[in-house]
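Biologist: I am new to this structure. Please pick one part and take me through it closely. What surrounds it, and what does it touch?

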Amino acid sequence: MKKVKISFDNLKLGPIFSYLFLVLISSLLIVICLISLPLTEQFQDKVSYNLITKENMYWSKEYTLELETSQVPEIDRDGYIEKTRDILFRRLNRAGVEEVSVTKEISEEKDVLKVTVKSSKNAALVDNLVQNRFKVNVVTRKEDVDFDNEEDPYAYLLGENYNKTDFDGSTFRNVLITELRNSSGEYSFFAIFKPNITKKKAFDEFLDGKEGETIGVDTDGFVTPYYVPDTNPKTFAIPVTGGESQSTLLSLLYNSGEIPLSYTATETRDLEIENDSLNYIQLSIAILVAIVIVHLTLLFVVKEDSKNISRSLLSTMITISTWIAYLKISSTPIDTWLLALECILSVILIYVLIHNKESQIAITTSMVISFFIMMILGIGYMRIFGKEMILLLLISQFSIAFGKWYLDNMRKNLGK
Amino acid sequence: MNIFATVLENWTRYELLIVLSSAILLTVIGVLSAYLFVKDKRAVWFSGISSKTSPLIVVLIIFLANLLLSSVSETYSFVFMLTTTLSAINVMTLNNYLVKNRNKKNFDIDFVTREHFSDSIKLIALILLFFTILISFTSGEIRNILIASGISSILSIVINHLVSRILFKDGK
């Protein structure tokens with residue numbers, strides 16, 4: 001198997017160009033370091049170099065959801081309640097909500113779910129994810145309802161004016177929200193319903209039988225009409241209004257599963273947040289001091305090879321500076337404590353990768369796989385951490401290769 | 001929210017399922033990569049045992065923290081993440097030493113364990129220094145997480161080395 005290796009060894013330039021190029025690269029490194037340092041934003045008015053920390057963005061709420069279990073057979077009750085908890089949790093976790101807890105309080109009078117959330121995400125998005133059951137049904141128009149009645153212009157929107165069909169949320173394996181060209185030639189968002197393989201034939205036959213008619217998708221009592229074309233193949237797609245934010249919300253609601261129980265949000269309570277925030281300036285000093293002391297100790301006490309130590313120090317500095325500079329320039333909000341953990345792991349990883357050249361590929365590959373699993377299957381902060389660590393690993397790999405090239409060229413040029 | 005109460009009483013089936021499946025997946029990947037790349041029974045056992053001991057140490061440390069601090073939040077799951085990552089790195093270095101050296105003339109398994117010992121000491125020194133400096137600059141829960149992570153990581157690496165001494169004996 002061919003090994004993929006980032007290498008700057010083949011980059012040969014004339015001595016003058018090489019010297020100028022090194023000066024340019026050194027300036028760039030200094031700029032990146034300066035941007036990443038705290039308080040440098042105070043020296044530049046035109047561009048904002050503030051590190052946006054999430055600490056002040058957090059809010060916390062407790063939702064009380066009263067479940068309607070009176071119509072449910074006793075034998076299915078517990079299963080339905082558990083499924084409702086699972087789907088609510090899945091929705092919030094997929095939305096990137098940092099802390100979620102869905103607890104049940106079952107009594108003879110009523111069954112209640114308490115959803116406790118702590119997040120920096122948009123509160124309206126989270127409200128919608130918790131408070132909407134989002135029960136989907138494909139419906140057909142009732143024959144006795146006049147949909148063209150000018151005195152009742154909203155008749156087409158109400159679920160009570162439609163007949164339910166056998167096709168509900170479970171008919172579709174996935175609902176893809178994407179931008180498509182509409183009848184006026186402009187791009188707008190559509191929800192494309194993709195039926196399960198087992199139900200595809202029945203659904204296609206249903207659509208064929210409704211050619212030229214208007215049917216609809218009933219969601220919690222409100223219907224979005226769909227005109228069935230007489231051409232094949234038929235794409236069952238309904239328009240989505242509200243732009244990208246609404247499409248994100250709908251994608252989560254459609255694709256996180258079908259809640260089996262009806263419920264009402266009876267109470268929403270704001271909770272106080274216990275923020276154990278870290279001072280960013282203090283943290284920067286701590287990381288900088290730690291990196292320098294650790295490398296000096298390794299050099300003078302552990303008697304490590306000076307070439308490896310200088311490479312490790314430079315690569316670490318480049319990685320952390322680039323990461324913080326990226327966060328500042330892209331205005332990406334971050335938890336300071338999470339940044340601290342990311343820096344710790346990066347410093348250790350870079351040291352291990354440089355000092356165990358023979359294990360570089362194995363360690364990097366397994367770390368990428370582990371962080372990827374964390375990103376996909378993680379909960380709350382772990383998801384965020386996994387995603388950010390993959391980016392940091394990529395920056396580390398680049399920094400290690402670049403650090404070697406830079407130091408070798410510096411030695412060569414300064415030695416002349 | 002207390003981590004133990006949350007896990008035992010409040011976790012949904014979905015939460016349990018994804019946490020268990022990711023833990024199993026990570027263990028399987030560790031053991032499978034040892035089997036495929038090292039092709040040595042001892043390395044497979046080493047990876048398998050290590051993937052069990054480090055979570056056990058973390059549970060023990062979190063349990064002690066729970067006794068001492070009375071409340072341990074879900075953020076302590078990062079102790080698990082840091083410890084298992086550092087322990088996995090430690091395991092991989094030994095496995096790679098084995099792969100690189102076993103085909104050499106006069107191959108001596110003691111050389112591999114000695115190299116691994118030296119690497120483990122350096123890693124422990126790095127963790128000790130880095131965590132100590134950061135702990136002195138932080139406070140509250142973050143400091144407690146760093147202390148717990150540092151202790152459990154060092155313990156895991158020490159146990160990894162002890163296990164390697166037992167598994168990779170000369171002549172076996």
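Modeller: What follows is a close look at one helix, with its chain first and its neighbours after.

This is a predicted model, in which local features need pLDDT of at least 70, side-chain atom pairs count only at pLDDT 80 or more, and totals for chains, interfaces and linings use all residues. Residues are numbered from 1 along each chain as its sequence is written, while chains are lettered from A and ligands numbered from 1 in the order in which they are written.

Start with chain B. Read from the N terminus, its elements go α-α-α-α-α-α. The C-alpha trace of chain B spans about 55 × 40 × 20 Å along its principal axes. Of the 172 residues in chain B, 42% are buried (20 or more other C-beta atoms within 10 Å; 12 or fewer is exposed, in between is partly exposed; C-beta atoms are placed from the backbone). Take the contacts in chain B between residues at least 6 apart in sequence: 74% of them join residues at least 24 apart (contact puts C-beta atoms, placed from the backbone, within 7 Å).

H2(B) has 26 residues. From its first C-alpha to its last, H2(B) reaches 37 Å, close to the 38 Å expected at 1.5 Å a residue (the count is one less than the number of residues). B:Lys39 follows H2(B), and the phi of B:Lys39 is positive, near 50°.

Which residues of H2(B) are buried? They are B:Tyr14, B:Glu15, B:Leu26, B:Gly30, B:Ser33, B:Ala34 and B:Val38. The cover over the buried residues of H2(B) includes parts of both chains. Chain A brings H2 and H9. Chain B brings H3 and H4.

Two packed helices are described by the angle between their axes and the distance between the axes.

On the H2(B) side, B:Thr27, B:Gly30, B:Val31, B:Ala34, B:Tyr35 and B:Val38 make the contact. On the H3(B) side, B:Ala43, B:Val44, B:Ser47, B:Gly48 and B:Ser51 make it. By class, this contact of H2(B) with H3(B) has 6 nonpolar, 5 polar and no charged residues (nonpolar: Ala, Val, Leu, Ile, Met, Phe, Trp, Tyr, Cys, Pro; charged: Asp, Glu, Lys, Arg; polar: the others, Gly among them).

H4(B), residues 77–101, is another partner. The axes of H2(B) and H4(B) come within 11 Å and cross at roughly 10°. H2(B) and H4(B) are therefore roughly parallel. B:Gly30, B:Ala34, B:Phe37 and B:Val38 in H2(B) meet B:Ala88, B:Asn95, B:Leu98 and B:Val99 in H4(B). The contact of H2(B) with H4(B) divides into 6 nonpolar, 2 polar and no charged residues.

An α-helix has 3.6 residues a turn, so residues three or four places apart point the same way.

Last, look across to chain A. Between the chains, 42 residues of chain A are in contact with 41 residues of chain B. Several elements of chain A each supply at least two residues to the side that touches chain B: helix H2 (74–94), strand E2 (99–106), helix H6 (280–300), helix H8 (336–355) and helix H9 (360–377). That side of chain A holds 27 nonpolar, 8 polar and 7 charged residues.

H6(A) and H8(A) also pack on each other, at about 10° and with axes 11 Å apart. That makes H6(A) roughly parallel to H8(A). A:Tyr280, A:Leu283, A:Ile287 and A:Ile291 of H6(A) meet A:Thr336, A:Ala340, A:Cys343 and A:Val347 of H8(A). The contact of H6(A) with H8(A) has 7 nonpolar, 1 polar and no charged residues.

Definitions and conventions: Contact = placed C-beta atoms within 7 Å. Helix = DSSP H or I, 4+ residues; strand = E, 2+ residues; numbered from the N terminus. Axes fitted to C-alpha atoms, helices over the stretch in contact; angles between N-to-C directions. Parallel < 35°, antiparallel > 145°, perpendicular 65-115°, else oblique.
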